[in-house]
Amino acid sequence: MPRLVIAAPSSGSGKTTVATGLMAAFAGRGLAVSPHKVGPDYIDPGYHALATGRPGRNLDAYLCGPELMAPLFAHGARGCDLAVVEGVMGLFDGVSGQGELASTAHVAKLLRAPVVLVVDASSQARSVAALVHGFASFDPEVRLAGVILNKVGSDRHEAILREALDESGVPVFGALRRGGEVVTPSRHLGLVPVAERGAEAVAAVAAMAELVRVGCDLDALYAVARSAPSLGGAAWDAAEVLGSLPQPAPSRNRGSAPDPGPRTPDGPNRPDHTVDDKPRVAVAGGPAFTFSYAEHSELLAAAGADVVAFDPLRDEQLPDGTSALVIGGGFPEVYASELSANEPLRKAVAELARSGAPVVAECAGLLYLARSLDGQPMCGVLVADARMSQRLTLGYRDGVAVSDSVLASNGTRVRGHEFHRTVVEPGAGATPAWGITRPERRVEGFVQGGVHASYLHVHWTSVPQAARRIVAQATEVARATEGATPS
C-alpha cells in the first residue's frame, strides 16, 4: 500500500491543510485514497472523509495499542491506491511521560511509512535547514523523506529556503504561499466539524486541494509513497475479532433502572422485528453528534446488529424497531435549544432507557441524557445537570469498570480520552461507570439499568466485547418486548 505520513515540528504548522489537500488532490486524479489521523481527534477525519469519499479513520497507539496500528491501517486502506496519514502535534510528541508512545513518529515506524514534514517557514530563512536536520537525525528509525514549506512569503524567500535545504540533503516537495491559507474556523474544541459547515466545508476542501496541487510536486510525493516497504500481517476484521470472543453474560445491573411501568408492544419506539431478526441499534449523528469511530458501527454490525443512523436535531422519533441506542461525542452545547425543543425525541429516548434497553452515551451523549444542559431541558434519563465551563478538560485516561454494565464487566481495564469544556453535576451516579486510575484517581460516569453514560471516549477495538454485550442485551430486550402483552 503506497502511504505517506504528514507531520510537523509543532501544532499549527499546517498539517491539516496539507494532508487534506493532498487527499483531495490525489482523489481528483482518480486515485482511491484512504484517509487516516494519528491520535483521538474526531474533527480532522471529517474533512478527510469529505476529501476522499471514504470514512476518516483514527490510528491511536494509546487507545488501541501499538499492535493494532498496522492491522487497523490495513483494514481502512483495503482496496485503495494510496493512504495519507495526518499526524498529531509535533512529530515526536507522544503521551506525556511515556516517551514516543502514540506520537506521529511512533505510528510512522509501526506503519513503516515515509514522513513528509510540513514546516511553517514564515519567520525563517537559512535556519530552516538546522530545524529540518534536527528532525531528520533525532530518530534514525523514522524515515524523513522530505519537506513541504508552508507560509512562504515570496519567490525570494522560497529560493533562500530551498538553497538552505539543498545543503541538508532533504528534498523539498512543495512550497505554499503565505496568505493562501484556507479558512477553517475554530471553536472551543478546535475546528468546526464538517457536518456543521455544509457547502462551506466542501469549498474549503476544494481550496486545500487547489493550494496543494499548485504548490506541491504530486508526482514526487506519490513516488515516495510507493517506496514504502511491504507492511505484512493481516488486516483487522471485526467479524474475526468477535468470533474469537466468548459469548457475554447478561448485564447484572439491569434491575437498577427506574420501573418503566406497563409496556405495550405497539408503543412508538418498541421493536417491530421478530425474535429472529437482527436487533436494531440506533446511532446518533447529525451536526450535534459528529464524534464517532467508524469501527464502532462495524463491530456492532459484525456482532449481529442492524445499525441505523438518526439525527436528534431533525428526527422526532427513534428509528422504528430500535432496541439499543449509541450516542457519541459532539457539540450538544451549541445546539442545546434545538435539542431541547425536540421534545418527542427526548421522551422517546427516556422511554427506551426506562425499558432497560442498552443506551451507551459518551461525552456529548452524557450531556444529552442529563436533566438539563445550560438550563435547557434534556432527556432526563440521569439525575444530573450539565453546563458549559471555562476549563478545558483534555487528555488520555486509564480507567477500570467499577460495576457491571452493558459496555463492560466489572474490572475491565480501558484506556480512554477526555475532551470537553462542560461540567456534569454530580460527576458520578450511585453506580459509577469508571474508576479513573491515571492521571488522577476518581470515579466517573453513570450506570443504571441498560444505561452507560460517561465523559470517557473509548475506542472499542481495544475492548471489542463491548459491541457483543450491547447487541446481546439489545436482543434480550427485543425478545422480551415481542413477548409482552398489552396491559
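Started with Phe289: it is buried, at 3% relative accessible area (buried means under 20%, exposed over 50%, partly exposed in between, with a 1.4 Å probe and protein chains only). Bookkeeping before I go on: this is a predicted model, where local features need pLDDT of at least 70 and side-chain atom pairs count only at pLDDT 80 or more, while totals for chains, interfaces and linings use all residues. Residues are numbered from 1 along each chain as its sequence is written, and side-chain values use heavy atoms, with hydrogens and water left out.

**Confidence.** pLDDT is the predictor's confidence in each residue, from 0 to 100. I get an average of 91, with 90% of the residues scoring at least 70. Residues 251–275 fall below 50, yet this stretch has 66 contacts in the model beyond near neighbours in sequence (contact: heavy atoms within 4.5 Å).

**Ring pairs.** My rule: rings of Phe, Tyr and Trp (its six-membered ring) pair if their centres lie within 6.5 Å; planes under 30 degrees apart are stacked, over 60 edge-to-face, the rest tilted. That gives 8 aromatic pairs. Phe289 and Tyr368 make an edge-to-face one, with 5.6 Å between centres and 65° between planes. They sit 79 residues apart: Phe289 is in the loop between strand E10 (280–284) and helix H11 (294–302), Tyr368 in helix H14 (residues 364–369). Helices (H or I, at least four residues) and strands (E, at least two) are DSSP runs numbered from the N terminus. Tyr368 is buried too, at 1%.

Next I looked up Phe291 and Phe331, whose centres are 5.4 Å apart with planes at 80°, so this pair is edge-to-face. Phe291 is in the loop between E10 and H11, and Phe331, 40 residues away, is in the loop between strand E12 (322–327) and helix H12 (336–341). Phe291 is buried at 6%, and Phe331 is buried at 0%. Which residues do ring pairs link into a cluster with Phe291 and Phe331? Tyr42 and Tyr293.

**The sheet.** I find an open, mixed sheet of 6 strands, in the order E11-E10-E12-E13-E21-E20; strands pair if DSSP finds at least two bridges between them. Its edges are E11 (306–310) and E20 (446–448), each pairing on one side only. E10 and E12 run parallel over 4 bridges, and Ala282 stands opposite Leu325 in E12.
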